[in-house]
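Thanks for coming. I will go through one model this morning, starting with a term and then moving from the overall fold to single residues.

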Amino acid sequence: RHPFSRAHHKDKKKYLNNVDTSKLSDTMKSFLFAFLAVCSLISSIGAFYVSTEQKVISKPLMAKISQFADFKPLTNEEISDKIATKRRELFDIRFKKATRQEFKPHTIKHKKREIRQLHTMLGQRIREARAAEKN
């Protein structure tokens with residue numbers, strides 16, 4: 001339990017008694033008591049997360065979801081490079097999630113989809129190359 005939860009009402013008063021309140025007026029003491037109660041309530045429901053990152057407004061609201069046809073003109077080396085960059089982006093997004101930074105949850109799904117599309121494209125080309133060698 002949180003030390004300032006309802007069950008520990010006496011502890012709040014004890015905490016206030018430990019604080020040097022001799023220079024505070026009665027209204028200030030009651031305000032401090034109420035403030036501590038509100039802070040404990042807010043922290044107990046987990047609403048005390050404050051982001052320090054600034055929001056970027058210039059970005060478009062929705063990113064373009066890549067289509068399978070977008071990768072067709074790429075060479076095999078470019079596809080391999082794109083797979084590596086998409087994996088790194090996916091890692092960065094998961095890292096943000098793990099460290100409770102701001103991120104857009106749908107981007108995980110989109111990056112995974114793009115990686116699968118690139119692997120499919122590369123696999124098709126490899127199979128076509130092997131079939132051409134056999135003939």
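Buried means under 20% relative accessible area, exposed means over 50%, and partly exposed is in between, with a 1.4 Å probe and protein chains only. This is a predicted model, so local features need pLDDT of at least 70 and side-chain atom pairs count only at pLDDT 80 or more, while totals for chains, interfaces and linings use all residues. Residues are numbered from 1 along each chain as its sequence is written, and side-chain values use heavy atoms, with hydrogens and water left out.

First, the overall picture. The protein has four helices and zero strands, where helices (H or I, at least four residues) and strands (E, at least two) are DSSP runs numbered from the N terminus. In order, that gives α-α-α-α. Of its 135 residues, 19% count as buried. The protein exposes about 11,300 Å², with carbon and sulfur atoms supplying 58% of it; accessible areas come from the Shrake-Rupley method with a 1.4 Å probe, and for residues only the protein chains shown count as cover. Contact means heavy atoms within 4.5 Å. Among contacts between residues at least 6 apart in sequence, 60% join residues at least 24 apart.

Next, H3 and H4. H3 has 23 residues and reaches 33 Å from its first C-alpha to its last, close to the 33 Å expected at 1.5 Å a residue. The expected span is 1.5 Å times one less than the number of residues in the helix. For H4, the 29 residues should span 42 Å, and the end C-alpha atoms are 43 Å apart, which agrees. The buried residues of H3 are Ile-79, Ile-83, Lys-86, Leu-90 and Ile-93, and their cover includes H4. In H4 the buried residues include Ile-108, Glu-114, Gln-117 and Arg-125, with H3 among the elements that cover the buried residues of H4.

What makes up the largest nonpolar core? Seven residues do: Phe-71, Leu-74, Ile-79, Ile-83, Leu-118, Met-121 and Leu-122. H3 and H4 each supply at least two residues of this core, and the largest share, three residues, comes from H4. A nonpolar core here is a set of buried Ala, Val, Leu, Ile, Met, Phe, Trp, Tyr and Cys residues joined through side-chain atoms within 4.5 Å.

Lys-82, in H3, is partly exposed, at 32% relative accessible area. Leaving out residues up to four places away in sequence, Lys-82 touches Phe-71, Leu-74 and Leu-118. The C-alpha atoms of Lys-82 and Leu-118 are 7.8 Å apart, although 36 residues separate the two along the chain.

Then the loop between H3 and H4, where Arg-100 is found. Is Arg-100 buried or exposed? At 67% relative accessibility, Arg-100 counts as exposed. Arg-100 also has a positive phi of about 60 degrees although it is not a glycine. Most residues other than glycine have a negative phi.

Last, H2. Phe-31 lies in this helix, residues 26-44. Phe-31 counts as exposed because its relative accessible area is 52%. Together with Met-28 and Phe-35, Phe-31 makes a nonpolar surface patch of about 320 Å². Patches are made of residues with over 30% relative accessible area and no salt bridge; like charges are joined within 9 Å, and nonpolar side chains (Val, Leu, Ile, Met, Phe, Trp, Tyr) within 5 Å. A salt bridge is a side-chain nitrogen of Lys or Arg within 4 Å of a carboxyl oxygen of Asp or Glu.
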